[in-house]
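Hi everyone, thanks for making time this morning.

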Amino acid sequence: MTQTSVFDHPKPDLPLALILQQLQADYGLSGALKPLVSERDQNFRVETGGGAWVLKIANAAEDVRFLKLQNACLTHLAEIDPALGVQRLIPARNGQDLVYWTHAGQTHAVRLLSFLSGDLYSAAPKSHPLLASLGRLMGRLSCALQGFSDASAHRPDFLWNLDRFPQIKSWLPDVAGSERDLVGRVFNRYDTRVVPRLKHLRLAVLHQDANDNNLIVSTTEPPAVTGLIDFGDMCQGRQINELAVTLAYALLDSADVLADAGVLIRAYTAEFPLQAAEASVLFDLVAARLAMSVCISSHRAKDFPDNPYLLISQRSAFALLAKLDQTDPEFLSAFARHAAGLDAVGSHCTILQWLQSAACHPVPVLGFDLHRSQSLLVSLAPTAEGGDLLHDPAAHSVWLANRLSAVQAQFGVGLYGEQRGGGVYAGEQFANAASPERRTQHLGIDLFAPAGTPVHAPLPGRVASLANHQLPNDYGPTLILEHQAGPNGPTFWTLYGHLAASVLERLQVGMAIAAGDVIAHLGDHTINGGWAPHLHFQIITDRLSYTNDFPGAGQPSLWPLWQQLSPDPNLILRLAPERFAVDPNPPALLLQRRAQVLSPSLSISYAHKLKIVRGQGAYLYDHTGRAYIDGVNNICHVGHSHPHVVAALAKQAAQLNTNTRYLHETILDYTERLTRTFPEPLRVAFLVCSGSEANELALRIARTVTGRQHTITLDWAYHGNTNAAIDVSPYKFNRKGGRGKPAHVQIATLPDPYRGSFKGTSAATGVAYAQSVAEQIAVIRATTGQGPAAFIAEAISGCGGQVFFPDAYLSTSAALVRKAGGLVIVDEVQTGFGRIGEQFWAHGPQGVIPDIVTLGKPIGNGHPMAAVITTAEIARAFANGMEFFSSFGGNPVSCAVGMAVLDVIEQEGLQHHALTTGEYLKRGLLALADRHALIGDVRGQGLFVGVELVQDRETLTPATEAATRVVNHMREHGVLLSTDGPFDNVLKIKPPLAFGRLEADVMIDALDRALTAPH
């Protein structure tokens, strides 16, 4: 390339005497002149008693249009951002900002500018605050120049116009030595990565020369870049060139290119935001500017061998070019976008949204239920337990296997984001040319399990790559699958490291993979890179420039960037958050504290005690994050922590919570809606706080209205923990610690169609059992001369062993009681709200309309609320002048919660769900009964089911010990049940209605295993 420019003309060399003479004549100034360094002009600092100025004598070859361009720019900046640290034009006596001096037959344009005090950036100690101040200054400059335009800024032939970088390639042969290939790769990089994007890049007028000697640094502490001089390289170009040139100079001799660049980019974009296309090519343009510099200086050095300025920065430029050359350009693009406050990966948010959506249905990657299996948190930090064995893979494998066995864990979990230190990631593959910081922060989740454990594809996809990375501490055999985030969604990938070598033979690149397919097996330490057997599982949103590999760890200082490139793999694994931390208060410690502060009367379930920290849907989670199917907690009726119920509670609690002595719509809206679920004439409600309080109130109403005291209850009934409720609960008063039946209570026979005197569920059996109620009425009459105050019965006997009454039992008993002048109380505390599926209330199939119905437990999905439902007539009779008041009963928060529970039941069709799921569950349980003689009876409706275990089906001998063993065995396998009944031999199944077929299958399988397990 041949071109004539100011470089081909010698610098001006006007005599000092002439300069002083002209300075006085044109500007009225006289003083001392101090030469300033310049590549092509003759510049002086003018010092007078009144201050200091800069005199610039242009090269005779300089096109005056470009000097006028600079002047116009400085004038524009003075108007737009007066505080910006650039020089100001000093007009001559004739009012012009440009005058002309002649010497030796050459005419030179001359300007006088204000002097910016301070030190040169080249002399200042470098620091991140200094870089930040540089970024802010240049960002302000770019912002201020947005409105500036001048025809003279179009300089297509200007040598330093970065947009004409490809034209410099003809000077590549002038670059000496081995660096020529390095610079050549920059030209190829520009052609490949920048040229296709040029049309998307903004244009602007640029300064384009923020080098060390054009930046002014304050002499105050801390030093900051306060000024920018020398607008001689101004031209129109791509806007991003300004930052690229600034970085190219600022990063020379940088010990940490990424850290320093990040500081400058963030500061620049805080003042002047970039677009994603610009940030994507930023480092390509930095490399181009450096390559341009060494090409021009190498070419000029041949013509001007005595000019050291031309080669002064080549060493530093080559060193920086080498660092950029050895760093993945796509990573640098992502880094620049992230530093600029943009998404490092444009599709990142879309991918995450899909992974978190209901449309994404991952299956377990290890072929067993990770959610319900016991796990162990495994740290690979050198200071962690077992860290001293990391250097010996065989020993670490044995140690880990022993640790897993000790806590009966099926797998171990290694943390995403864990900083593992250079000892774990000691290989050169974890180093980075652009930064001394090693990649030591883990980008995957490790799942430790025995070698040979099958690995399953969690999502459908195709094989993107297969490779064997055999360096120490590397992946070993590695598989990458490609996936799509929904139809027409963006592509993302999953990586599987530390596999057995068989994966390299069983799969091929491009092969389609279905979710659940066995894709590999875990390798041992001899093949997997030298680790204890485990799966390194990782999500990748952008593969950058990698083909058969991808980093499994990132630099800690760049963790926010790496999180976008490789987001948390738990988006797919969906392990509970408790899996990733060690609870400082485990069950053993809580048991000690509990013994000190809680009454021993409070029982606690299972041989191995559970610390439950969270619930969701049909699951409870312990302190290790292990999920348990909750098969017994009917309190959380619509599912643990149901979001609609939680939101209603929170919203109302934030507005108002008070008592019923004030008017409020919520209590009326709720009671009207609740009572509409009952047949006429049950239309009046009392709202209270617990099922015990509801039954206490129901008894009080019956005794007040009838003027009587005596009550008939069923054997093995349980109605609550208050004195009055205990009095009508044989389950309590006839067992250990009880005082026996009170004188005012009579016990009717539990109508048990399986174990009782009358078998079957026919109406005739129901009528036969009702005769026991008639007998108790007779006893009361004989004792008091009048009938009972009330007959109280659960709609289904829960503590009696999930006993469903024979047909017509309740209706027949109710008729007998009412004939005797008593009221009928049906306790629906455990059984209502659609649980039985067939009807909304469990007493419905019995064909009875009670006088009083008590509600609790499921009414508030665990919120402490309950209700008594009765008729208007009974409510008026109860209103005898004594006020009834429950401080918290019927408060607005409770009513909002109750309303939300009804919403969920209706909107999610939970009554029908209970019916169909219950039928499915019972079929499975009956199938088990065909194979296991221990199962004597399976009974129930909807999701209120009992399985009675017997030693002998003929004698019905209770299998109490077997029931306890089965419940504890199922607890160890992630399913929670309990026992009840007179002999504690009935497995109670009454889960939240979120319980579905999947949970039913797991429960049936766990019960099958428990019944089969040796004992």
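Before that, the ground rules. What you see is a predicted model, where local features need pLDDT of at least 70, side-chain atom pairs count only at pLDDT 80 or more, and totals for chains, interfaces and linings use all residues. Residues are numbered from 1 along each chain as its sequence is written, and side-chain values use heavy atoms, with hydrogens and water left out.

Let's start with strand E30, residues 823-827. When I say strand or helix, I mean a DSSP run, numbered from the N terminus: H or I with at least four residues for helices, E with at least two for strands. How many of the residues of E30 are buried? It is 5 of the 5, so E30 is largely enclosed by the rest of the structure. Buried here means under 20% relative accessible area, exposed means over 50%, and partly exposed is in between, with a 1.4 Å probe and protein chains only. In a regular strand the side chains alternate between the two faces of the sheet. For E30, both faces are covered: Leu823, Ile825 and Asp827 are buried on one side, Val824 and Val826 on the other.

Now the neighbours of E30. Two strands count as paired if DSSP finds at least two bridges between them. Strand E29, residues 790-794, runs parallel to E30 and is joined to it by 5 bridges, with Ala790 partnering Leu823. Strand E31, residues 852-855, is also parallel to E30, through 3 bridges, and there Val826 stands opposite Val853.

E29 and E30 also belong to a right-handed β-α-β unit, with helix H24, residues 809-819, as the helical part. Right-handed means that, with the strands pointing away from the viewer, the path from the first strand over the helix to the second runs clockwise. Have a look at Ser813 in helix H24. Ser813 counts as buried because its relative accessibility is 0%. Leaving aside neighbours within four places in sequence, Ser813 is in contact with Ala770, Val773 and Phe791; contact means heavy atoms within 4.5 Å.

Next stop, strand E34, residues 944-952, where 7 of 9 residues are buried. Which strands does E34 pair with? Strand E33, residues 935-941, is antiparallel to E34 over 6 bridges, and Asp937 has Glu948 as its bridge partner. These two strands form a hairpin with 2 residues between them, and Gly942 in the turn has a positive phi of about 55°. Strand E35, residues 957-958, is antiparallel to E34 over 2 bridges, with Val950 partnered by Pro958. That gives another hairpin, with 4 residues between E34 and E35 and a positive phi of about 60° at Leu956 in the turn. E34 also pairs with strand E38, residues 986-989, in the antiparallel sense over 4 bridges, and Val947 has Leu987 as its bridge partner.

Over to an open sheet of 8 strands, in the order E11-E12-E14-E21-E18-E17-E16-E19, with mixed pairing. E11 (375-377) and E19 (512-513) stand at the edges, each with a single partner strand, so one side of each is left without a neighbour in the sheet. Helix H11, residues 348-355, packs on this sheet, touching E17, E18 and E21, and its direction makes about 70° with that of E18. For angles, axes are lines fitted to C-alpha atoms, for helices over the stretch in contact, and values run from 0 to 180 degrees between N-to-C directions. Helix H12, residues 393-406, lies across E11, E12 and E14, at about 125° to E11.

Last, the charges. The whole structure has 33 salt bridges, each a side-chain nitrogen of Lys or Arg within 4 Å of a carboxyl oxygen of Asp or Glu. One of them joins Arg202 and Glu278 at 2.7 Å, N to O. That pair links distant parts of the chain, 76 residues apart. Arg202 is partly exposed at 24% relative accessibility, whereas Glu278 is buried at 0%. Asp980 and Lys988 form another, with the closest N and O atoms 2.9 Å apart. Asp980 is buried at 3%, and Lys988 is buried at 10%. Finally, Arg189, Arg193, Asp284 and Glu330 are linked in a network of salt bridges.
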